[in-house]
Amino acid sequence: MDKSLRKAVIAGNWKMNKTPDEAKAIINEMKPLVADADCDVVLCVPYIDIFAAQEAAAGSNIKIGAENCHWAESGAFTGEVSAPMLKAIGVEYVIIGHSERRQYFGETDETVNKRVRAALDSGLTVILCVGELLDERKKGVTMEVVRSQTKIALQGVSNEELDKIIIAYEPVWAIGTGETATAEQANEVNHAIREVLGEIYCPKCASRVTIQYGGSMNAKNAAELLAQEDVDGGLIGGASLKAEDFSVIVKAASI
């Protein structure tokens, strides 16, 4: 599969970290380090940091995203933020279906699909997360789990809308644990995701979708992971909170 058909995307997921002032400081440190990137650079930050991050990133190649959105446009959903709200303040990207949302906040494949639909309807680019539990990998059902998650999440998503979808394979057992899938394991699952996209849409459609790896990619392992044929970028957790480490990953994706 020709990697030149799609753009590499390195996206940071800050999770529940950093105040607005801290966000500005990190982005200001990061800007000169990633200015020459030959890939898309995105930072998905807590809601409270969005304005500060946008201000700090203004005029640079860093784009700002959010970490989640609700499926409803408005309503009695205390503590939630809708896709139209994000769009209204200039957010471009949103993470949907992260394993921590599934694990701690009751996200299901069906609610992930509803959130994907809402984000697309508001013109946001979706970073859609899929991935298996450790027990599922041990049982040998990784491919079945990831294929199912992908199919359900993309129900009702048209061929044309696929251009607004980035998929991040993030094995749950590798999130925040320091454990990482081998480069070969990451590529194998990413390839399976691309195959299922080819089945849902068409092989040519699948070839243009950016598929990231999101399981503890860091400055040390990024080059090996990103060299794989079907690994088109990374959804970066802890390393995206360190400007120097994040820049190393961005440079690895720009080769």
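Reply: Helix 7 covers residues 142-153, twelve residues in total. Helices here are DSSP runs of H or I with at least four residues, strands are E runs of at least two, and both are numbered from the N terminus. From its first C-alpha to its last, helix 7 reaches 16 Å, close to the 16 Å expected at 1.5 Å a residue. That expected span is 1.5 Å times one less than the number of residues.

The model is predicted: local features need pLDDT of at least 70, side-chain atom pairs count only at pLDDT 80 or more, and totals for chains, interfaces and linings use all residues. Residues are numbered from 1 along each chain as its sequence is written, and side-chain values use heavy atoms, with hydrogens and water left out.

Which residues of helix 7 are buried? They are Thr-142, Val-145, Val-146, Gln-149, Thr-150, Ile-152 and Ala-153. Buried means under 20% relative accessible area, exposed means over 50%, and partly exposed lies in between (1.4 Å probe, protein chains only).

What do these buried residues pack against? Their helix partners are helix 4 (99-105), helix 5 (109-121), helix 6 (134-138) and helix 8 (183-200). Strand 5 (125-130) and strand 6 (165-169) also pack against them. Contact here means heavy atoms within 4.5 Å.

Now the cysteines. A disulfide (a pair of cysteine sulfur atoms within 2.5 Å) joins Cys-202 to Cys-205, with S to S at 2.3 Å. The torsion about its S-S bond is about 85 degrees, so this disulfide is right-handed. Cys-202 is partly exposed at 24% relative accessibility. Cys-205 is buried at 3%.
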